[in-house]
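I opened the model to see how the chain is put together. These are my notes, from the whole chain down to single pairs.

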Amino acid sequence: MFPSNRRRRGSFINLSTYSSLQPALPVPSLTMALSSLPITIFSLLLLTHHQLAHAESTQPPYACHAESSTTSYAFCNRKLPISQRAKDLVSRLTLDEKLAQLVNSAPSIPRLGIPGYQWWSEALHGVADAGLGIRFNGTIKSATSFPQVILTAASFDSNLWYQISKVIGKEARAVYNAGQAQGMTFWAPNINIFRDPRWGRGQETAGEDPMVNAKYAVAYVRGLQGDSFEGGKLGERLQASACCKHFTAYDLDNWKGLDRFVFDARVTMQDMADTYQPPFQSCIQQGRSSGIMCAYNRVNGVPNCADFNLLTKTARKQWNFYGYITSDCGAVDIIHEKQGYAKTAEDAVADVLRAGMDVECGSYLTKHAKSAVLQKKVPISQIDRALQNLFSIRMRLGLFDGNPAKLTFGSIGPDQICSKQNLQLALDAARNGIVLLKNTDSLLPLPKTNPRLAVIGPNANASSPVVLGNYYGRPCKLVTLLQGFQHYAKDTIYHPGCSDGTQCASAEINQAVEVAKKVDYVVLVMGLDQSQERESHDREQLELPGKQQELINSVAKASKRPVILVLLCGGPVDITSAKFDNKIGSILWAGYPGELGGVALAQIIFGDHNPGGRLPMTWYPKDFIRVPMTDMRMRADPASGYPGRTYRFYTGPKVYEFGYGLSYSKYSYEFISATQNNLHINQSSTHLMVENSETIRYKLVSELGEETCQSMSVSVTLGVTNHGSMVGKHPVLLFMKQAKQRNGNPVKQLVGFQSVKLDAGEKAQLGFELSPCEHLSKANEAGLKVIEEGSYFLLVGDEEYPINVTV
């Protein structure tokens with residue numbers, strides 16, 4: 001989508017007030033530190049927060065008022081099925097009224113008492129006014145701003161993801177109930193694969209692994225829409241509506257002059273089946289998302305929004321999608337104007353409606369839909385189908401059920417926005433996502449003895465647009481990284497290091513060096529911001545911009561002790577030199593940590609929280625830029641030197657690998673048990689293929705059937721031990737690999753993950769349920785799932801467990 005051009009700043013805590021807080025007490029128990037420190041911070045936040053709970057609310061827009069004559073119409077009858085109500089409403093509309101409803105800014109229909117509706121609202125990592133449906137211009141001025149998604153993903157904690165989206169959904173409903181929302185359809189989550197490290201929007205995703213993105217999609221959709229964590233409790237009514245985007249194979253914005261509007265992604269059936277599509281299938285089938293957004297780009301020559309096979313045959317018929325499909329903003333006109341796929345504007349309109357799109361973000365249909373109808377290129381039945389899908393969503397949101405204050409979600413008020421509990425969750429998300437990449441000689445945590453501290457770098461005192469990432473809303477009370485450090489070290493000296501922000505074309509290296517010489521410890525806060533990576537802008541380099549590396553080297557060389565390097569960025573950067581520099585003792589990746597990122601980072605650096613995040617994407621060396629970003633192939637091609645992409649297929653050198661992350665504790669694993677390690681699959685036909693003179697036996701998953709697949713499930717029990725002296729929250733990642741690597745098969749594949757909290761010295765057991773049809777299968781070149789005969793290994797840490805498959 002086109003993000004809002006408005007640049008907003010959050011309301012900041014008064015620096016002198018925050019600095020005057022007493023440093024955290026050097027208590028031996030982390031639990032005590034966690035319970036005491038946030039209370040002090042949140043008390044301050046809440047004392048200075050605007051008084052939402054006592055403010056007068058404005059009436060939210062809704063149809064079917066009790067005193068209206070329309071209550072006798074079937075579309076206002078709550079006892080009827082929603083499909084019947086929507087059909088009745090559409091039957092009462094004139095052609096002009098119908099066509100007017102096919103765009104995101106749907107006008108009111110006064111004669112039927114139907115208010116206008118805005119389909120475009122944003123809630124990527126908190127309710128935001130980046131779209132047109134949400135306004136922070138009334139009694140509600142802000143909403144909880146969580147870390148950017150890529151950092152939250154690093155927690156590998158699906159329950160945390162669910163809790164975050166549940167808060168977002170409640171805050172969204174509170175904004176609507178206060179009369180500050182024209183719509184309750186939120187165009188999130190972004191579940192595209194972070195395929196290339198240069199992608200400007202990789203920060204919005206849950207990383208490079210399809211299963212992680214799928215699990216994130218399900219958790220987010222369930223939380224936002226009002227379902228339970230396990231799913232299955234959501235009826236027809238929605239707390240808010242989620243929309244999984246961008247369908248499909250979208251992960252290039254603007255690279256070397258080639259933009260997403262004209263890019264034609266050439267994708268094999270194999271890669272489509274096991275990389276690009278699984279998150280969307282899970283979003284629909286497990287998450288039960290009520291919305292999908294079709295992407296700008298073409299896939300194998302066909303624009304996504306004009307692809308009948310994608311939108312109707314796959315999403316609706318194969319995956320049983322029950323919801324609405326929107327275009328990305330401006331994605332219809334480019335089908336004719338830029339891609340040349342449609343010969344005329346009317347053909348473009350016909351193509352998208354025929355494919356199964358229901359609403360356009362834009363105004364192309366406003367201008368050309370009627371002429372497409374008059375030219376008999378668009379049948380009324382397709383318009384009616386689209387409108388029935390659209391009004392069904394609005395009815396599921398309760399917007400046609402009379403006064404919303406008397407309905408299921410009507411009691412959610414302003415007091416549930418920016419609450420102490422919500423801010424605590426934002427803090428937890430940031431500190432559980434931050435990844436410790438290096439900690440030589442246990443430099444961290446720093447002593448809580450009020451040391452002299454220098455905080456240097458272009459991101460050290462960054463404001464909202466930096467620490468929040470893109471698609472940010474208005475934070476409740478933003479704590480900068482500098483403020484977080486000043487809470488622990490009153491004698492903190494700040495220097496930006498660069499004269500022009502992260503671009504760092506001009507650096508004040510000599511001044512920064514002099515600052516570094518005066519203090520006990522130095523924290524360098526470097527990295528990227530939205531000027532370097534964002535929507536409509538992909539990177540061309542993987543190194544730190546400008547003179548940042550020179551600044552790091554000079555300050556590290558001059559400092560008394562090894563320095564701490566903190567990186568704010570969504571995509572990875574090549575910091576190989578820092579990784580092996582003895583004068584850089586510790587490195588942390590903090591993504592874009594949200595409004596309480598300053599608190600979270602300081603708590604980690606000073607030992608009031610034990611870091612446990614793990615990288616959700618591969619960090620590639622700078623030479624990876626030789627690979628064209630336009631090459632969509634996932635699998636390596638040794639013959640041409642193509643190295644492949646992501647940890648599943650990439651065969652080249654890495655700066656840091658997927659899943660890497662350190663802690664102040666050491667953890668060990670053991671495979672305790674598995675219900676079976678020899679699988680005999682004798683159902684269905686056995687197929688043969690020959691590769692390098694070797695005959696490989698395999699089964700087609702589609703021929704086995706769901707019942708057979710369930711009967712072969714394997715229950716695995718893992719033991720995990722915290723050998724450290726601190727409590728820690730630790731993500732456990734379970735991988736699978738084949739004993740014999742074959743062309744086109746993953747190097748390894750994540751098959752399960754859980755986050756477990758362990759006290760110092762504590763042991764725990766975790767259970768994983770594995771389905772061979774899902775976790776031991778691969779996609780063949782035809783895009784079909786197959787299970788190959790042979791030996792497999794389950795991997796966790798350095799431990800392996802064998803599983804043998806015979807067919």
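I call a residue buried when its relative accessible area is under 20%. The model is a predicted one, and by that cut-off 63% of the 807 residues of the chain count as buried.

Whole chain. I looked up the secondary structure and found 25 helices and 28 strands. The radius of gyration is 27 Å, close to the 28 Å from the globule rule for 807 residues, so the chain is as compact as a globular protein of that length. I noted a C-alpha trace spanning about 75 × 75 × 50 Å along the principal axes. I then checked contacts between residues at least 6 apart in sequence: 78% of them join residues at least 24 apart.

Surface and charge. The chain exposes about 28,600 Å², and 49% of that comes from carbon and sulfur atoms. I have 81 positive and 72 negative side chains on record here, with the centres of the two sets 4 Å apart.

Helix H9. Which residues of helix H9 (residues 278-285) are buried? I list Pro279, Phe280, Ser282, Cys283 and Ile284. Next I looked for what covers them.

Strand S22. I turned to strand S22 (residues 728-738), where nine of the eleven residues are buried, and I wrote it down as mostly covered. With which strand does S22 pair over nine bridges? That is strand S23 (residues 749-758), in the antiparallel sense. In this pairing, Leu750 of S23 stands opposite Phe735. S22 also pairs with strand S27 (residues 790-796), again antiparallel, over four bridges. There I found Leu794 of S27 as the bridge partner of Met736.

An open sheet. I also looked up a sheet of four strands, which is open, has antiparallel pairing and runs in the order S19-S20-S26-S25. Which strands are at its edges? They are S19 (687-691) and S25 (778-779), each of which pairs on one side only. As a reminder to myself, strands of a sheet pair through backbone hydrogen bonds, either parallel or antiparallel. I followed S25 to its neighbour: two bridges join S25 to strand S26 (residues 785-788), and the two run antiparallel. Lys785 in S26 is the residue opposite Ala779.

Technical notes: Residues numbered from 1 in each chain as written. Predicted model: local features only at pLDDT ≥ 70, side-chain atom pairs only at ≥ 80, totals over all residues. Heavy atoms only, no water. Rg over C-alpha atoms; globule rule 2.2 N^0.38 Å. Buried < 20%, exposed > 50% of the residue type's maximum accessible area, 1.4 Å probe, protein only. Contact = heavy atoms within 4.5 Å. Areas by Shrake-Rupley, 256 points an atom, 1.4 Å probe, with all protein chains shown as cover. Lys, Arg positive; Asp, Glu negative; His and termini not counted. Charge placed at Lys NZ, Arg CZ, Asp CG, Glu CD. Pairing = 2+ DSSP bridges.
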